[in-house]
Amino acid sequence: MPTKDFHSRVVVIGAGFSGLSCSCHLAKMGYQVTILEKNDQPGGRARSYSDQGFTWDMGPSWYWMPDVFEQFFSTFGKKVSDYYQLDRLNPSYRIKFKTDTMDIPASMLELEKLFDKIEAGSSQKLRSFLKQAKYKYDLGVKKLVYKPSRSLLEFVDLKLLLGLLKLDVFTSMAKHVRKHFEDERLIQLMEFPILFLGATAENTPALYSLMNYADLSLGTWYPKGGMNSVVKGMVKLADELGVDIKLEEEVTNFSFKGNQIVSVNTSNETYECEMVVAGADYHHIDQHILPPSFQNYNKKYWDSRVLAPSSLLFYLGVDKELPNLEHHTLFFDEDFKQHASEIYDMPQWPSKPLLYVSATSKTDNTVAPKGKENLVVLIPVAPDIEDTNETRERYFNLIMDKLELFTGEKIRDHIISKRSYAHKEFISDYHSFKGNAYGLANTLRQTAILKPSLKNKRLKNLYYTGQLTVPGPGVPPSLISGEVIAKEIGKDFPIFKN
């Protein structure tokens with residue numbers, strides 16, 4: 001057969017985790033890959049920000065599911081350790097409840113002791129819960145999430161169908177957790193990981209207790225230098241594979257021939273191609289870059305999607321050390337149901353917010369000057385609500401009141417670097433649909449084939465990857481999303497060589 005290298009040019013839009021993953025897999029398969037990245041550094045939401053000697057991860061800060069990262073690099077004959085140093089955190093994180101504080105130990109034996117101390121006999125229930133969660137993880141992560149979800153026939157597999165019966169797809173996470181535990185603190189601990197999935201426990205299938213296995217059994221890890229170290233590792237791998245990454249190249253439109261894209265255009269260049277992978281915001285590409293005749297969905301469809309939350313973030317550099325904070329500290333000291341309702345049911349700024357604080361300087365001496373702390377403070381908020389400087393400052397003062405009480409230290413007067421980030425920046429930096437931070441909520445009606453399709457229905461050569469399509473939001477799913485798309489392109493547009 002003749003060589004078809006001429007027909008192997010792929011343009012990937014966006015250098016986030018899914019775009020980088022897809023590009024690496026495609027390059028390994030022999031495709032000529034060019035990434036067009038809107039911003040001045042790769043990483044998408046996992047960019048880094050530096051000021052006054054401090055460095056912050058701008059987005060993801062939790063390294064869970066280490067096996068997915070290992071599997072990604074092993075595909076290329078590499079190891080995680082070839083690109084960054086990875087350490088397991090102990091404690092995994094700290095939770096501040098209304099009346100007490102709980103550290104989550106890395107050791108399962110210590111964790112079981114903690115459960116029994118809080119609720120007599122609950123360690124045995126924990127073992128049972130995590131055994132089920134491991135089954136879901138093994139089937140869900142190793143089989144279901146690698147399905148492209150282009151057809152129901154993909155799921156017509158006897159072993160898979162029998163397995164689905166054990167996955168609690170039609171039971172809510174809230175009911176599942178309460179079958180095992182009674183103490184409200186344990187319930188909150190077990191429901192916490194699904195915050196990353198963008199829905200309440202009442203609206204999230206109990207399938208996602210697999211996240212508890214990822215959390216409590218596989219552990220919380222940290223790549224030295226921050227999550228952006230993973231991005232740098234993937235960029236280095238992409239470079240080794242021959243991927244060409246173009247920064248500050250925002251895509252403005254496509255050129256078409258029939259039902260195919262023949263070039264991707266920016267304000268600077270025209271990039272001819274045979275295939276296109278949109279790792280940028282799906283809604284933006286679908287509704288603002290494509291003409292109506294080639295759009296997958298209409299405005300009504302998009303407005304009916306249930307989105308994961310947005311976030312109000314503060315990146316703070318503090319000129320002294322702060323006691324009581326851990327690398328990860330969660331403040332569950334207010335009513336979670338009320339906060340959740342103000343995100344999903346009656347979208348508004350939360351009246352009594354829960355919050356999360358990342359202080360990577362607690363375990364990493366490369367991200368802040370000695371004796372100082374780099375803090376990222378995050379409040380989950382509803383997408384598509386008014387975002388003003390006055391609102392941000394009001395919540396900043398609320399956060400400071402809470403942190404000063406918790407640490408027993410004055411913080412406001414010791415902040416030497418401060419930056420806020422919310423809806424307006426998510427939209428301007430990423431064209432994020434309604435300013436969301438995490439993509440689509442993982443509700444039952446937005447799972448698998450019910451998510452926006454990874455393939456354009458009207459264009460032969462346009463694919464989508466990332467948090468608004470399968471398998472869903474989060475860093476590990478984004479890595480998997482890129483691989484799934486690469487394999488679909490391999491089937492639809494194979495490269496034939498002599």
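Which residue follows helix 14, and what is its phi? I found that His 431 comes after helix 14, with a positive phi near 55 degrees. Helices (H or I, at least four residues) and strands (E, at least two) are DSSP runs, which are numbered from the N terminus.

**Entry 1: ground rules**

I noted that the model is predicted, that local features need pLDDT of at least 70 and side-chain atom pairs count only at pLDDT 80 or more, while totals for chains, interfaces and linings use all residues. Residues are numbered from 1 along each chain as its sequence is written, and side-chain values use heavy atoms, with hydrogens and water left out.

I looked at helix 14 (423-430), where His 423, Phe 426, Asp 429 and Tyr 430 are buried; the term means under 20% relative accessible area, against over 50% for exposed and in between for partly exposed (1.4 Å probe, protein chains only). Seen down the helix axis, these buried residues fall within an arc of 150 degrees, so they line one face of helix 14; the arc is taken over the directions from the helix axis to the C-beta atoms. In general, an α-helix has 3.6 residues a turn, so residues three or four places apart point the same way. The buried residues of helix 14 pack against strand 14 (310-318), strand 17 (373-381), helix 13 (389-407) and strand 18 (415-421), where contact means heavy atoms within 4.5 Å.

I then returned to His 431, which is not a glycine although its phi is positive, and which lies in the loop between helix 14 and strand 19. With a relative accessible area of 24%, His 431 is partly exposed. I also looked up Ser 149, another residue other than glycine with a positive phi, near 55 degrees, in the loop between helix 4 (122-142) and helix 5 (158-164). Ser 149 counts as buried, at 10% relative accessibility.

**Entry 2: helix 1 on helix 15**

Two packed helices are described by the angle between their axes and the distance between the axes. I looked up helix 1 (residues 17-29) and helix 15 (residues 475-492), whose axes come within 7 Å and cross at roughly 35 degrees. The axes are lines fitted to C-alpha atoms, for helices over the stretch in contact, and angles run from 0 to 180 degrees between N-to-C directions. The contact includes Ser 21, His 25 and Met 29 of helix 1, and Leu 479, Gly 482 and Ala 486 among the residues of helix 15. The contact residues divide into nine nonpolar, six polar and one charged, where Ala, Val, Leu, Ile, Met, Phe, Trp, Tyr, Cys and Pro count as nonpolar, Asp, Glu, Lys and Arg as charged, and the others, Gly among them, as polar.

I followed an open sheet of five strands in the order 9-2-1-13-19, with parallel pairing; two strands pair if DSSP finds at least two bridges between them. Strand 9 (244-246) and strand 19 stand at the edges with a single partner strand each, so one side of each is left without a neighbour in the sheet. The twist averages 20 degrees from one strand to the next. Strand 13 (residues 275-278) is joined to strand 19 by three bridges, and Val 276 stands opposite Leu 462 in strand 19. Helix 1 packs on this sheet, touching strand 1 (9-13), strand 2 (32-36), strand 9 and strand 13, and its direction makes about 165 degrees with that of strand 2.

**Entry 3: Phe 493**

Leaving aside neighbours within four places in sequence, Phe 493 is in contact with Tyr 31, Gln 260, Met 275, Lys 460, Asn 461 and Tyr 463. Met 275 is 218 residues away along the chain, yet the C-alpha atoms of Phe 493 and Met 275 are separated by 8.4 Å.
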